[in-house]
Amino acid sequence: MFKGLPRVCVTVAGNSLAELRKRALSEIAGQPAGERFLELRLDFMGPAVLREPAGLAKLIRDLRHRRVALIVTLRSIAAGGSFPGSAEEQLQILTTVAGAG
């Protein structure tokens, strides 16, 4: 899909799925398809969103359809993020959303 990744990755975070979507779409607005590269920080999301990742998967599919290169992260508190869960929970959430694209 991409010949190579763009040189700049923009980090996007939000407290809710709607906020994350709004910020992601704002960042890619006006950017050519080959220059869209986002990091979606899931560790700022509320626990309810992370327990039901179908909405996140839909957002990821939508961004991929718009030809956005993505990195999805879920940083633990120990790694400087906000996710309070265990490494096993991180892996489960990231594995689920990875299936989206």
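**Exercise 1.** Is Arg 41 buried or exposed?

*Solution.* Start with the model. This is a predicted model, in which local features need pLDDT of at least 70, side-chain atom pairs count only at pLDDT 80 or more, and totals for chains, interfaces and linings use all residues. Residues are numbered from 1 along each chain as its sequence is written, and side-chain values use heavy atoms, with hydrogens and water left out.

Next, take the cut-offs: buried means under 20% relative accessible area, exposed over 50%, and partly exposed in between (1.4 Å probe, protein chains only). Arg 41 has a relative accessible area of 9%, so Arg 41 is buried.

Then look at its partner. The side chain of Arg 41 meets that of Asp 43 in a salt bridge, N to O 2.7 Å. A salt bridge is a side-chain nitrogen of Lys or Arg within 4 Å of a carboxyl oxygen of Asp or Glu. Asp 43 is buried because its relative accessible area is 4%.

**Exercise 2.** Find which residue forms a salt bridge with Arg 21, and state where the two residues lie.

*Solution.* Step one: the partner is Asp 62, and the closest N and O atoms are 3.1 Å apart.

Step two: Arg 21 lies in helix α1 and Asp 62 in helix α3, so the pair ties together parts that are 41 residues apart in sequence. Helices (H or I, at least four residues) and strands (E, at least two) are DSSP runs, numbered from the N terminus.

Step three: Arg 21 is partly exposed at 25% relative accessible area, and Asp 62 is partly exposed at 21%.

**Exercise 3.** Describe the salt bridge between Arg 75 and Glu 39.

*Solution.* First, the distance from N to O is 2.7 Å. Second, Arg 75 sits in the loop between β3 and α4 and Glu 39 in strand β2, 36 residues apart, so that distant parts of the chain are linked. Third, Arg 75 is partly exposed, with a relative accessible area of 31%, whereas Glu 39 counts as buried at 7%. A search of the whole structure finds 5 salt bridges.

**Exercise 4.** Which residues have the most contacts inside the largest nonpolar core?

*Solution.* Begin with the term: a nonpolar core is a set of buried Ala, Val, Leu, Ile, Met, Phe, Trp, Tyr and Cys residues joined through side-chain atoms within 4.5 Å. The largest one has 18 residues, and those with the most contacts inside it are Leu 20, Leu 40, Leu 42, Leu 50, Leu 56 and Leu 63.

Now find the sources. α1 (17-28), β2 (37-41), α3 (54-65) and α4 (87-98) each supply at least two residues of this core, and α3 gives the most, with 4 residues.

Finally, take one residue. Leaving out residues up to four places away in sequence, Leu 63 touches Ala 24, Leu 25, Ile 28, Leu 40, Val 68 and Leu 70; contact means heavy atoms within 4.5 Å.

**Exercise 5.** State where Ala 79 lies and how far it is from Leu 25 in space.

*Solution.* Ala 79 lies in the loop between β3 (69-73) and α4. With a relative accessible area of 54%, Ala 79 is exposed. Ala 79 and Leu 25 are 27 Å apart in space, C-alpha to C-alpha, and 54 residues apart in sequence.
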